[in-house]
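Q: I would like a close look at a single part of this model, together with what lies around it. Please take me through it step by step, giving your cut-offs as you go.

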Amino acid sequence: EDGARSTAAGKNRVRALLTVAQVAISFTLLIGAGLMLRSLIKLQQVDPGFNPENSLVMRLAPNWSRLINANDPNATTAQYAAYYKRLLDRVGRQPGVAEAAISSTYPLNPAGLTQRPNGVSVLIEGKPQDDGRAAPRLDARAVSPAYFRAAGVPLLRGRAFAESDDAGAPPVSIVNEAAARHRWGNEDPVGKRVSFDNGQTWVTIVGVVGNVRQYGLDKEPADEIYGP
């Protein structure tokens, strides 16, 4: 009888320990779920800087060997431009399409989330770089004129790109609000110039657009510069 009681008592202790462990694990999971839900609610309240509603994004991989005449290097840029113009014209004529645009990347691109680009070095006119300090680096994007309208990115100052901003026109660029604040402070960057080749060629800034959280809703907007 003593052995039976001892065995029963042992089973009861094990059962009690298992119950305590189950309660502890359940409580931990409940706290984790609550924190995750809280984080999700916070992320839903973050302004991504663009409008994802009614938008379709697709990645292109053209067969350039069939589209570009490699034996005519002077015509290559024009051929690229002509291809993209034909593509945008055809997409823009589809029923229900309000805006069509092309860009070198897009917000929350999975490739950019896993491997953030290192950016490009920029020389800012009137702001000489101190010896020993690295030049400012901005994330560079290439976009077609309707990109900001198509993505719902607001134009804050200046102008957007135009069809006339082609290879034969003076080079222009647009920066986002973060770059304007970090690189020019209280100055208006519109009309200022930057260089990507250490002053050999100067590019005029013609506009400032809103910040886009390119790398995640939980990441601060990067300093960005857009080219046509």
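What follows concerns Tyr226 and its surroundings: which residues does Tyr226 touch?

A: Happy to walk you through it. The model is predicted, so local features are given only at pLDDT of at least 70 and side-chain atom pairs only at pLDDT 80 or more, while totals for chains, interfaces and linings use all residues. Residues are numbered from 1 along each chain as its sequence is written, and side-chain values rest on heavy atoms, with hydrogens and water left out.

Read from the N terminus, their order is α-α-α-α-β-β-β-α-β-β-α-β-β-β. Of the chain's 228 residues, 27% count as buried, that is, under 20% relative accessible area, with exposed meaning over 50% and partly exposed in between (1.4 Å probe, protein chains only). Among contacts (heavy atoms within 4.5 Å) with a separation of 6 or more, 67% join residues 24 or more positions apart.

Now to your residue. Tyr226 has 1% relative accessibility and so counts as buried. Leaving aside residues up to four places away in sequence, Tyr226 touches Arg141, Val143, Tyr147, Phe148, Phe161, Val172, Ser173, Ile174, Val209, Val212 and Gln214.

In soluble globular proteins, nonpolar side chains tend to be buried together.

The aromatic rings deserve a look of their own. The structure holds five aromatic pairs, where rings of Phe, Tyr and Trp (its six-membered ring) pair if their centres lie within 6.5 Å, and planes under 30 degrees apart count as stacked, over 60 as edge-to-face and the rest as tilted. Tyr147 and Tyr226 make a tilted pair, because their ring centres are 6.5 Å apart and their planes stand at 40 degrees. Since Tyr147 lies in helix α5 and Tyr226 in strand β8, this pair ties together parts that are 79 residues apart in sequence. Tyr147 is itself buried, at 7% relative accessible area. Phe148 and Tyr226 pair edge-to-face instead, at 5.0 Å centre to centre and 80 degrees between the planes. This second pair also links distant parts of the chain, with Phe148 in helix α5 and Tyr226 in strand β8, 78 residues apart. Phe148 and Tyr226 are both buried. Together, Tyr147, Phe148, Phe161 and Tyr226 form one aromatic cluster.

A charged pair is also worth a stop on this tour. The structure holds 11 salt bridges, each a side-chain nitrogen of Lys or Arg within 4 Å of a carboxyl oxygen of Asp or Glu. One of them joins Arg183 to Asp223, with the closest N and O atoms 3.3 Å apart. Arg183 sits in helix α6 (residues 177-184) and Asp223 in the loop between β7 (203-209) and β8 (224-227), so the pair links distant parts of the chain, 40 residues apart. Asp223 is buried, with a relative accessible area of 10%, whereas Arg183 is partly exposed, at 26%. In α6 the buried residues are Ala178, Ala179, Ala180 and Trp184. After α6 comes Gly185, with a positive phi near 60 degrees.

Ser195, in strand β6 (residues 193-195), touches Val122, among others. Ser195 counts as buried, at 1% relative accessibility.

Note on methods. Helix = DSSP H or I, 4+ residues; strand = E, 2+ residues; numbered from the N terminus.
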